[in-house]
Amino acid sequence: MEITKIIAALFVGIFAGFIGAMVGSGGLISIPFLIFLGLPPQVAIATHKFGSAGLKIGAAVKFWKTKYIHWQYFLPFSIMGFVAAIVGAQILLSIDKELLSRMVAILLILVLPLIFLNKEAGVIHRTTSTLKRGFGYFLYFLAQIFGAFFGGGAATMVFYILMTFFGLTIVEASATTMLPSLITSLVALIIFGINDLLNYQIGLLIFLGMLTGGWLGAHVAIKKGNIWVKALFAITVVFSAIKLLLG
């Protein structure tokens, strides 16, 4: 591989991991880049999972000893992530991803005002009802299925769900979802590898870049706090929606 492509892959991975650790949607940066390098779309999406795993490891290491991880959600989110990865990885082989991407884009735009009309959402930790959390689990499962077979925009949807239905702040949402989402990425990677959809050389570079970016993103999120990250979240949602709509 040319040295320029190696350097570009590392820097794109760092940037995607940095954004992804704070507000999600890192896949909307790395997947188009992988396609630009010449990978077929399915291989690009599958290879992105290397980077996704790196992002989550890097961010989880930084979040590990903080107060932001809500460990009571680790087991249920992990189980749902495991099942979602199996379902989502199979979907990658057959579904119309463009249609689903546009649906997710529309949802992102429709829900964004709800987050910002409620000034406390994502900034102050709130207690929610059992019924609301139950519906949140269902939506979380659906978002993880989407994340398993595509990735772009899925983490941002998860942040929405954890803020709205579980009452977490945006930094808590990022910290709490990292380890369960890592399980989703690893299971999806295994399935994609069995189906010969992975480019291991480029995948390793994206992994290293997003590992670094994930750690840096978590560091900045902890340092800057919820209000700053929530503003970045709004910008990322708009960008993500436009990217998903335009393809």
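Which residues of α2 are buried? Select Gly27, Leu28, Ile29, Ser30, Ile31, Phe33 and Leu34, because those are the buried ones in α2, where buried means under 20% relative accessible area with a 1.4 Å probe, counting protein chains only. Seven of the 10 residues of α2 are on that list, so the helix is largely enclosed by the rest of the structure.

Before going further, a word on what you're looking at. This is a predicted model, in which local features need pLDDT of at least 70 and side-chain atom pairs count only at pLDDT 80 or more, while totals for chains, interfaces and linings use all residues. Residues are numbered from 1 along each chain as its sequence is written, and side-chain values use heavy atoms, with hydrogens and water left out.

**The whole chain**

Zoom out and colour by secondary structure. Of the 247 residues, 55% count as buried. Among contacts between residues at least 6 apart in sequence, 86% join residues at least 24 apart, a contact being heavy atoms within 4.5 Å.

**Ser30**

Now select Ser30, which sits in helix α2 (residues 27-36). Its relative accessible area is 0%, so Ser30 is buried. Leaving aside residues up to four places away in sequence, Ser30 touches Val12, Ala16, His48 and Met210. Show the side chains of Ser30 and His48: they make a polar contact at 2.7 Å. That term covers a pair of N or O atoms within 3.5 Å; within protein, one must be able to donate a hydrogen and the other to accept it, and residues adjacent in sequence count only if both atoms are side-chain atoms.

**α1 against α2**

Next, bring in helix α1 (residues 3-23), whose axis comes within 8 Å of the α2 axis and crosses it at roughly 160°. That makes α1 roughly antiparallel to α2 (angles over 145 degrees count as roughly antiparallel, under 35 as roughly parallel, 65 to 115 as roughly perpendicular and the rest as oblique). To see the contact, pick Ala8, Ala9, Val12, Phe15, Ala16 and Ile19 on α1, then Ile29, Ser30 and Phe33 on α2. By type, that contact has eight nonpolar residues, one polar and no charged. Nonpolar covers Ala, Val, Leu, Ile, Met, Phe, Trp, Tyr, Cys and Pro; charged covers Asp, Glu, Lys and Arg; the others, Gly among them, are polar.

**α3 against α9**

For another helix pair, select residues 41-63 (α3) and 200-224 (α9), which pack at about 30° with their axes 6 Å apart. Axes are lines fitted to C-alpha atoms, for helices over the stretch in contact, and angles run from 0 to 180 degrees between N-to-C directions. The two helices are therefore roughly parallel to each other. The residues of the contact of α3 with α9 divide into 16 nonpolar, nine polar and one charged.

**Two backbone stops**

Just after α2, click Gly38, which takes a positive phi of about 110°. Then jump to Asp196, in the loop between α8 (170-194) and α9. Asp196 is not a glycine, yet has a positive phi of about 55°. Is Asp196 buried or exposed? Its relative accessibility is 64%, so Asp196 counts as exposed, the cut-off for that being over 50%, with partly exposed in between.

Technical notes: Helices (H or I, at least four residues) and strands (E, at least two) are DSSP runs, numbered from the N terminus.
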